[in-house]
Each structure stands twice: as structure tokens, then as C-alpha cells.
Amino acid sequence: MTYDPTNVFARILRGEIPCEKLYEDEFALAFPDIRPAAPCHVLVIPKGAYVSSADFGAKASPEEITGFFRAVALVAQRLGVEQSGYRLLANAGPDSHQEVPHFHVHILGGRKLGPLLAPA
Ligand code: AMP
């Protein structure tokens, strides 16, 4: 799948759409999900143009990959959900219901999250 530079997260990265920046460094940007599914629901996105985790893993540099996942861990720590626990979720492709074709990780927490998947 080729990267679509008009996707909403690409537009956020270019500053064309506003977001509440919770964390930013050279590798990653974190902001609240616009439709929170939990009391704590934050998205972390890499700065580079990657469609999915597979695309990110295949094409990003080791520095980007390390920097991104360090940012995810740091954001979760700053959100205060480390003790209570949280879920990292990354959708990829149609069966996962990925809506935005720019790789991102959801950080979900702040309540008991229940089983991993809703019943089919
Ligand atoms: P996914 O289904 O994994 O692709 O998740 C995409 C997420 O992006 C959804 O949970 C949306 O609520 C969220 N989202 C879409 N547009 C925005 C936006 N402008 N700001 C923050 N979150 C957004």
C-alpha cells in the first residue's frame, strides 16, 4: 500500500489540522484520540510517512524505530497509567478496522479494559 500524504495524521504533522500536543520529539508526536474509547486514549505517531507497523518495521531506520518506541513508553509513563496498566494497540489493514493509513499506536488505559477483543 502506498502512503497517502492527505491522510489526517499527515495533515496533523504538517500543521494543517490542529491537535493537542502531549509529547513531541524528532521521531514521534502524541495527542489525544478525538473519539476516546477509554479515560486515557492517546495516539502516538512516527514523524515519517509509514502506512503500517509492517511498513515502519521494513523501512524506518533503527534510530526512528528506537526513538518511536521510546516515545511510546515515555508518553505512557507521563500519562500516569504505568502502575494501573494500559494497552498498546496498532491496527493494520481492513480486518483490523484501521481508519487512518499512517502507522500509529493507541495507548489505552484509565479503567479496566476487559478482554482483548470484542465478540465477533
Ligand atoms: P485506527 O482505527 O487504528 O486507524 O485509529 C484511528 C484513530 O484516529 C481513531 O481512534 C480516531 O478517533 C482517531 N482520529 C481521527 N482523526 C483524528 C484527529 N483529527 N485527532 C485525533 N484523533 C483522530
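By class, how many nonpolar, polar and charged residues does the shell around the ligand have? It has 8 nonpolar, 5 polar and 3 charged residues, where Ala, Val, Leu, Ile, Met, Phe, Trp, Tyr, Cys and Pro count as nonpolar, Asp, Glu, Lys and Arg as charged, and the others, Gly among them, as polar. The model is predicted, so local features need pLDDT of at least 70 and side-chain atom pairs count only at pLDDT 80 or more, while totals for chains, interfaces and linings use all residues. Residues are numbered from 1 along each chain as its sequence is written, and side-chain values use heavy atoms, with hydrogens and water left out.

**Shell around the ligand**
- Among the 16 residues around the ligand (a heavy atom within 4 Å), Asp33, Asn91, Glu99, His104 and His106 come nearest.

- An oxygen atom of the ligand lies 2.5 Å from a side-chain N or O atom of aspartate 33, and a ligand oxygen is 2.8 Å from a side-chain N or O atom of histidine 106.
- At histidine 97, a polar backbone atom is 3.0 Å from an oxygen atom of the ligand.

**Aspartate 55**
- Aspartate 55 belongs to helix 2 (residues 53–59), and a polar atom of its side chain lies 2.8 Å from the backbone nitrogen of valine 51.
- Aspartate 55 counts as buried because its relative accessibility is 11%, the class being under 20% relative accessible area, with exposed over 50% and partly exposed in between (1.4 Å probe, protein chains only).

How values were computed: A polar contact is a pair of N or O atoms within 3.5 Å; within protein, one must be able to donate a hydrogen and the other to accept it, and residues adjacent in sequence count only if both atoms are side-chain atoms. Helices (H or I, at least four residues) and strands (E, at least two) are DSSP runs, numbered from the N terminus.
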